[in-house]
Amino acid sequence: VESTHPFANVAKAQVDLATGDQGAAAARLTSIAPADDWFVSYAAGATLTDSIERETDVAADRVDAARAHFAAVRKAREVPNALADLARLDLAGRNRPTAESRATIERARALAPGRDDYAIIHAHILTELGDFVLARAVLGPLLTATAPPYVRANANSLMDYIQRSEARRQAN
């Protein structure tokens with residue numbers, strides 16, 4: 001990894017991801033220390049999260065690096081996207097959401113109400129935590145005719161997942 005400005009490495013990692021080179025992107029981003037510039041840390045954390053979400057077996061150092069970048073962002077300001085990405089990390093790979101994950105996505109939703117993508121993350125976290133009733137309630141507004149078709153499709157897919165998860169829990 002070249003020793004250039006951290007944001008240059010973030011941009012190069014984004015190109016690596018766009019060309020399908022997950023390994024190069026991960027190497028660049030895990031080698032960057034959280035920056036004093038909150039935006040550089042946000043870009044590094046968000047890019048790492050995007051790369052992590054695409055994989056099933058993620059090295060712990062990549063998740064830790066993304067979390068460290070988001071921690072640097074949180075020291076400077078509350079950025080709803082950073083909070084949502086932090087919550088997404090707990091849904092990626094073998095990670096499991098916690099009460100902290102729930103609080104994080106709820107804070108993101110409070111800061112940026114109306115974000116359908118945040119509602120999907122929230123409902124997914126609630127499902128993993130076993131709060132099926134609230135997960136359905138969060139998804140309800142996304143299933144109406146006023147929601148864009150792709151949002152309804154994602155919400156319907158997650159609603160099916162909620163039903164299967166609840167049935168599995170009840171069977172055990």
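Rings of Phe, Tyr and Trp (the six-membered ring of Trp) are taken to pair if their centres lie within 6.5 Å, with planes under 30 degrees apart counted as stacked, over 60 as edge-to-face and the rest as tilted. By this rule the count comes to three aromatic pairs. The model examined here is predicted, so local features need pLDDT of at least 70 and side-chain atom pairs count only at pLDDT 80 or more, while totals for chains, interfaces and linings use all residues. Residues are numbered from 1 along each chain as its sequence is written, and side-chain values use heavy atoms, with hydrogens and water left out.

We can start with the rings themselves. Phe7 and Phe39 form a tilted pair, because their ring centres are 5.8 Å apart and their planes stand at 40°. This pair links distant parts of the chain, since Phe7 sits in helix H1 (residues 6-18) and Phe39 in helix H3, 32 residues apart; helices here are DSSP runs (H or I, at least four residues), as strands are (E, at least two), numbered from the N terminus. Phe39 also pairs with Tyr42, and that pair is tilted too, because the centres lie 6.3 Å apart and the planes are at 40°. Both Phe39 and Tyr42 belong to helix H3, three residues apart, or about one turn of the helix. Together, ring pairs link Phe7, Trp38, Phe39 and Tyr42 into a cluster.

How accessible are these rings' residues? Residues count as buried under 20% relative accessible area, exposed over 50% and partly exposed in between (1.4 Å probe, protein chains only). Phe7 is partly exposed at 34%, and Phe39 is partly exposed at 40%. Tyr42, with a relative accessible area of 15%, is buried.

Helix H3 (residues 38-53) also packs with helix H4 (residues 60-76), at an angle of about 150° and with the axes 8 Å apart. Axes are lines fitted to C-alpha atoms, for helices over the stretch in contact, and angles run from 0 to 180 degrees between N-to-C directions. H3 is therefore roughly antiparallel to H4, where angles under 35 degrees count as roughly parallel, over 145 as roughly antiparallel, 65 to 115 as roughly perpendicular and the rest as oblique. Among the H3 residues that meet H4 are Trp38, Tyr42 and Leu48, and the H4 side includes Arg62, His69 and Phe70; contact means heavy atoms within 4.5 Å. The residues of this contact divide into 13 nonpolar, five polar and one charged (Ala, Val, Leu, Ile, Met, Phe, Trp, Tyr, Cys and Pro count as nonpolar, Asp, Glu, Lys and Arg as charged, and the others, Gly among them, as polar).

His69 lies in helix H4 and counts as buried at 1% relative accessibility. Leaving aside residues up to four places away in sequence, His69 touches Leu29, Ile32, Ala33, Pro34, Ser41, Ala44, Gly45 and Leu48.

Helix H5 (residues 80-89) is largely enclosed by the rest of the structure, because eight of its 10 residues are buried. Those buried residues include Asp85 and Arg88. The cover over the buried residues of H5 includes H3, H4, helix H6 (99-111) and helix H7 (116-128).

Gln170, in helix H9 (residues 149-171), counts as exposed at 63% relative accessibility.
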